[in-house]
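Hi there,

Here is the structure I promised to pass on to you.

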Amino acid sequence: MRALLLGALAVALVVELLRLQVRAVSRLFIRAVGPLLRGSEQRRLSGATTLALAMTLVVLLAPARAALVALWAAAVGDASAAIVGRAVQAARGVSSGKSAVGSLALVLATAAGAAWLAGVPPILALALGCVAALAEWPRWPLDDNLRVATATAVAAVLLGVR
């Protein structure tokens, strides 16, 4: 798994560097995956690459169960927040920003995965879901995939999830 993640990350980083430096590669990349990118991702690393980076770091550095919870939080929890948050905001006529309902979806999805996949007790699973949601909120330059995965992994280790 580690070798596979490192290989995938290496490929992703090479593609990203080429697309950010070579105009022809950038045009081809945008034509191929442009609709999947957020506006800011056209000028910086894509969310998919930062997710691959987060997954690789967590798998290499965290104990197995903590890594599993962190990967779930970044891949499923964060995606749940985006899907639910956007759906509710669209229904209300709002078009941007984080939402409380999206954060709640992140908390619940992360907690469910932590309990189900890693056998984390429910109260600790909810705590890890809250950590993931708090890590997602800031509008820092650091991508939320990295923040959610690393914060959740660190919290899981500190709470004894190994």
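Let me begin at Ser99, which sits in the loop between α4 and α5. Please keep in mind that this is a predicted model. Ser99 has a relative accessibility of 14%, so it counts as buried. Setting aside residues up to four places away in sequence, Ser99 touches Gly85, Gln89 and Trp137.

**The nonpolar core**

The largest nonpolar core has 31 residues, and the members that touch the most others are Val58, Ala62, Val69, Val120, Leu128 and Val148. Which helices each supply at least two residues of this core? They are α3 (47-61), α4 (64-92), α5 (100-118), α6 (122-136) and α7 (144-158). The largest share comes from α4, with 8 residues.

Beyond its neighbours within four places in sequence, Val58 is in contact with Ala67, Ala70, Leu71, Ala149 and Ala153.

**Thr110**

Thr110 belongs to helix α5. Is this threonine, Thr110, buried or exposed? Its relative accessibility is 0%, so Thr110 counts as buried. A polar atom of the Thr110 side chain lies 2.9 Å from the backbone oxygen of Leu106.

Apart from neighbours within four places in sequence, Thr110 is in contact with Trp72, Ala73, Gly77, Leu128, Gly129 and Ala132. Leu128 is also one of the core residues that touch the most other members. As for Ala132, its C-alpha is 7.5 Å from that of Thr110, although 22 residues separate the two in sequence.

**Charged pairs**

Side chains of opposite charge can pair when their charged atoms come close. The structure holds 6 salt bridges, and here are some of them.

One joins the side chains of Glu16 and Arg19, with an N to O distance of 2.7 Å. Both residues are in helix α1 (residues 2-21), and because they are 3 residues apart there, about one helical turn separates them. Glu16 is buried, with a relative accessible area of 1%. Arg19 counts as buried as well, at 3% relative accessibility.

Have a look at Ser46 while you are there. Ser46 is placed in the loop between α2 and α3, and its side chain makes a polar contact of 2.6 Å with the side chain of Glu16. With a relative accessibility of 5%, Ser46 counts as buried. Neighbours within four places in sequence aside, Ser46 is in contact with Glu16, Arg19, Leu37 and Glu41.

Asp143 takes part in two of the pairs I looked at. What are the N to O distance and the partner in the salt bridge between the side chains of Asp143 and an arginine, Arg38? Arg38 is that partner, and the distance is 3.7 Å. Arg38 lies in the loop between α2 (23-33) and α3, while Asp143 lies in the loop between α6 and α7, so this pair ties together parts that are 105 residues apart in sequence. Arg38 counts as partly exposed, at 34% relative accessibility, whereas Asp143 counts as buried, at 6%.

Asp143 also forms a salt bridge with Arg44, where the closest N and O atoms are 3.4 Å apart. Here again the loop between α6 and α7 meets the loop between α2 and α3, so the pair ties together parts that are 99 residues apart in sequence. Arg44 is partly exposed, with a relative accessible area of 29%. Through shared partners, salt bridges join Arg38, Glu41, Arg44 and Asp143 into one network.

Which residues make the nonpolar patch of about 370 Å²? Leu6, Leu57, Leu60 and Leu61 do. The largest share of the patch, 3 residues, comes from α3. Leu6, for its part, is found in helix α1. Leu6 has a relative accessible area of 43%, so it is partly exposed.

Happy viewing, and do write back with your thoughts.

Best wishes

Technical notes
Residues numbered from 1 in each chain as written. Predicted model: local features only at pLDDT ≥ 70, side-chain atom pairs only at ≥ 80, totals over all residues. Heavy atoms only, no water. Core = buried A, V, L, I, M, F, W, Y, C linked by side-chain atoms within 4.5 Å. Buried < 20%, exposed > 50% of the residue type's maximum accessible area, 1.4 Å probe, protein only. Helix = DSSP H or I, 4+ residues; strand = E, 2+ residues; numbered from the N terminus. Contact = heavy atoms within 4.5 Å. Polar contact = N/O pair within 3.5 Å; in protein donor to acceptor, adjacent residues only side chain to side chain. Salt bridge = Lys/Arg side-chain N within 4 Å of Asp/Glu carboxyl O. Patch = residues over 30% accessible without salt bridge, like charges linked within 9 Å, V, L, I, M, F, W, Y side chains within 5 Å. Areas by Shrake-Rupley, 256 points an atom, 1.4 Å probe, with all protein chains shown as cover.
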